[in-house]
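Please keep the sequence and the coordinates open while reading.

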Amino acid sequence: MKILLLNPPAPQGQRFTREGRCTQQSAIWTTLWPPISLVYAATLLQANGHEVKVIDCPAHDLDLEDVSHLIRAFRPDTVVFSAATPSVESDLALSSMIKNINPAIYTCAFGTHVTVLDQQSLSQSPSLDIIVRNEPEYTILETINALEQPGGLMNLTDISGITYRDAAGVITRNEARPLSHDVVDALPFPDWRLIDVNAYRLPLKDKPFVMIAPQRGCQFPCTFCTAGTYYGKKLRTRKVDLIVQEMKEAVEKFKIRDFFFWAETFTANPSFVRELCNGIIESNLGVSWVCNSRVDTVDGGLLQLMAKAGCWMISYGIESFNPDILKGVRKEIEAGSVNTIISLTKKAGILASAHIIFGLPHETPKTARQTLKRVLALDLDFAQFYCAVPFPGSQLYEQALKEGWLDGTHDFTAFRQEKAVMSLDTITRNEVERVRAEAMRAFYLRPKIISRILRLMSIRHIGKNIISALKFLKTVR
Ligand code: SF4
């Protein structure tokens, strides 16, 4: 079969990453990620004899008209595309455009949003044939293999992990596909030749990078997060020698030495991270990488080892400094340990970034400003400030529906982390957005942060970065 795998154009031409629990718009210090799920799926399909093409529309500023030309030129049998909550309407509308070009093309969507709201998404999008739920790669492969046989959609009855519209138009939800540990080691290395890796650059440094998935799943129960819903609540780590081999191939084939360890919480199993760091050090590859973490999963020794293995920045999910809020969302980290871990991170020579969410249950304007004060007192290099968004698939979504925090609205285009969508009894949407804007200004408009950022910027792109920074500041004025 000929399969086109698409990261669809985002609304208003924004640059949008859609990967697992992460839906983010790129900005000056968040970047567009290489679409690893599409590349993984395409690599697997290709290894099984299918002809594939991967198109990342946001990376190349492609709009719907460009996609239409691409489809007419490539003439795929199936189009597989990722979908995410804030862009789900336009993502799913893609299927009607595809069917208008050729009604015989099968349309297939995957991602966290459609995994959770599969039947609703199919009902609302009559031109969408199939939704792949959860971990997509092997489900996509089996689906394509089945579609290739005479009978097409009629062959999908036994494919686990899909919800689909059969030839008679009936929506059928097949049984779930078990999240097997074998999958993480069985997947082929993503074939980055399928995309233009140079289109993905580290923010500020402007160097090309690729993502490496060292593990899948997350054992923590944070109620605002969809990680466990998509890749499961059990941590599945890959064999260390496979990960090191994958890095070696990226260095040798693509001359890429910068990596983003894409994991729900990279340090969720510290002994695995120790083993991996030792493997990277022994390989002598001279690589640099970034990752995310929780403050209760690292210590000074591990941070030193990570630095030695090439880690130059860690993003910590801190969310709030208020113990009641943290307890309420089941992110039971010790707010008191944050300062120590950030200091140990810096002492190890690693840049520290924090993720903060305003407007979680129990938030008040006072607790939000107390959190901001604590953040400003930390020795951080970057901070991402978000408004709490109850993404479908999170426990917070169920809670928000039950408590009426969404004011009856289901406008998913508003589910973006720079916008507040929940009205709590304790804080209004406007107040959440106001504190977030205040936090951005208070954090970034400090001479020490401005000088750190300027030092990090590549000289070649300093002009471009400054223009982006000015645009960013305009949004938080
Ligand atoms: S630690 Fe919590 S926020 Fe982080 S990925 Fe796991 S569940 Fe999500």
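Strand E1 (residues 2-7) runs parallel to E4, and six bridges join the two. Within this pair, Leu5 has Val54 of E4 as its bridge partner. Strands (E, at least two residues) and helices (H or I, at least four) are DSSP runs numbered from the N terminus, and two strands count as paired if DSSP finds at least two bridges between them. The model is a predicted one, in which local features need pLDDT of at least 70 and side-chain atom pairs count only at pLDDT 80 or more, while totals for chains, interfaces and linings use all residues. Residue numbers start from 1 along each chain as its sequence is written.

E1 and E4 belong to an open sheet of seven strands with mixed pairing, in the order E4-E1-E5-E6-E7-E8-E9. E4 and E9 stand at the edges with a single partner strand each, so one side of each has no neighbour in the sheet. From one strand to the next the twist averages 15°; axes are lines fitted to C-alpha atoms, for helices over the stretch in contact, and angles run from 0 to 180 degrees between N-to-C directions.

The antiparallel part of this sheet includes strand E7 (residues 130-132) and strand E8 (residues 162-165), joined by three bridges, with Ile130 paired to Tyr164 in E8. E8 is in turn joined antiparallel to strand E9 (residues 171-173), again by three bridges, and here Arg165 has Ile171 as its partner. E8 and E9 form a hairpin with five residues between them, and Gly169 in the turn has a positive phi of about 90°. Helix H6 lies across E1, E5, E6, E7 and E8, running at about 150° to E7.

A second open sheet has six strands in the order E10-E13-E14-E15-E16-E17, and its pairing is parallel. Strand E10 (210-212) and strand E17 (382-387) are the edge strands, each pairing on one side only. Neighbouring strands of this sheet are turned by 20° against each other on average, direction ignored.

Strand E13 (residues 258-261) and strand E14 (residues 288-293) pair over three bridges in the parallel sense, and Phe260 has Val290 in E14 as its bridge partner. E14 and strand E15 (residues 311-319) run parallel and are joined by five bridges. Ser293 stands opposite Tyr316 in E15. The chain crosses from E14 to E15 through helix H11 (residues 300-308) in a right-handed β-α-β crossover, meaning that, with the strands pointing away from the viewer, the path from the first strand over the helix to the second runs clockwise. E15 also pairs with strand E16 (residues 351-358), in the parallel sense over six bridges, and Tyr316 stands opposite Ala354 in E16.

Methods:
Contact = placed C-beta atoms within 7 Å.
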